[in-house]
Amino acid sequence: MPYLNESDPRWDQASGGHTVAGHPQWGPEDVDRAAGLLAEMRPAARRMFEHLVRHPGLEVHCAELELTCLGGPEAGKNTANRVASTLRGLTDPAGSTGRRLPFEWWKAPAGGVGATYAVRPSVAAIFLAALVR
């Protein structure tokens, strides 16, 4: 799993996450906003997001998120779709904060299966501070 530091250009090449209608990135002044967003998250989405936050900058494959946060594969369900639909539930609550989605994702490379997800180290620090409040 690749690690992306704060200035890694791959953050700007993400497939999504940053796309909440022109909203700015999370900043140090947003700890209260972050706490509010955490409180609004559904349990499964929060488990996945907290996993990403506790591993800042680490690209995590959807299969790991499913195994670690959703209890493993579910018969008849596609892993990539299951994880994406769970995290998609953060779009409206994140939009109401006036900030971008707090994570990024990248499509699988050609011939690959499933997306990878990550949280910028600076954004993870804000949410970690909100978690300890």
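In this predicted model, the axes of helix 1 (residues 31-40) and helix 6 (residues 121-131) come within 8 Å and cross at roughly 70°. Helix 1 and helix 6 are therefore roughly perpendicular (65 to 115 degrees) to each other. Contact means heavy atoms within 4.5 Å. Helix 1 brings Val31, Ala34, Ala35, Leu37 and Leu38, and helix 6 brings Ile126, Phe127, Ala129, Ala130 and Leu131. By class, this contact has 10 nonpolar, no polar and no charged residues.

Residues are numbered from 1 along each chain as its sequence is written. Local features need pLDDT of at least 70 and side-chain atom pairs count only at pLDDT 80 or more, while totals for chains, interfaces and linings use all residues, and side-chain values use heavy atoms, with hydrogens and water left out.

Next comes helix 4 (residues 79-88). Its buried residues (under 20% relative accessible area, 1.4 Å probe) are Arg82, Val83, Ala84, Thr86 and Leu87.

At the start of helix 4, a side-chain oxygen of Asn78 lies within 2.9 Å of the backbone nitrogen of Ala80.

The protein chain has 6 helices (at least four residues) and 3 strands (at least two). From the N terminus, the order is α-α-β-α-α-α-β-β-α. The C-alpha trace spans about 40 × 30 × 25 Å along its principal axes. Of the 133 residues, 46% count as buried.

Notes: Axes are lines fitted to C-alpha atoms, for helices over the stretch in contact, and angles run from 0 to 180 degrees between N-to-C directions. Angles under 35 degrees count as roughly parallel, over 145 as roughly antiparallel, 65 to 115 as roughly perpendicular and the rest as oblique. Ala, Val, Leu, Ile, Met, Phe, Trp, Tyr, Cys and Pro count as nonpolar, Asp, Glu, Lys and Arg as charged, and the others, Gly among them, as polar. Buried means under 20% relative accessible area, exposed over 50%, partly exposed in between (1.4 Å probe, protein chains only). A polar contact is a pair of N or O atoms within 3.5 Å; within protein, one must be able to donate a hydrogen and the other to accept it, and residues adjacent in sequence count only if both atoms are side-chain atoms.
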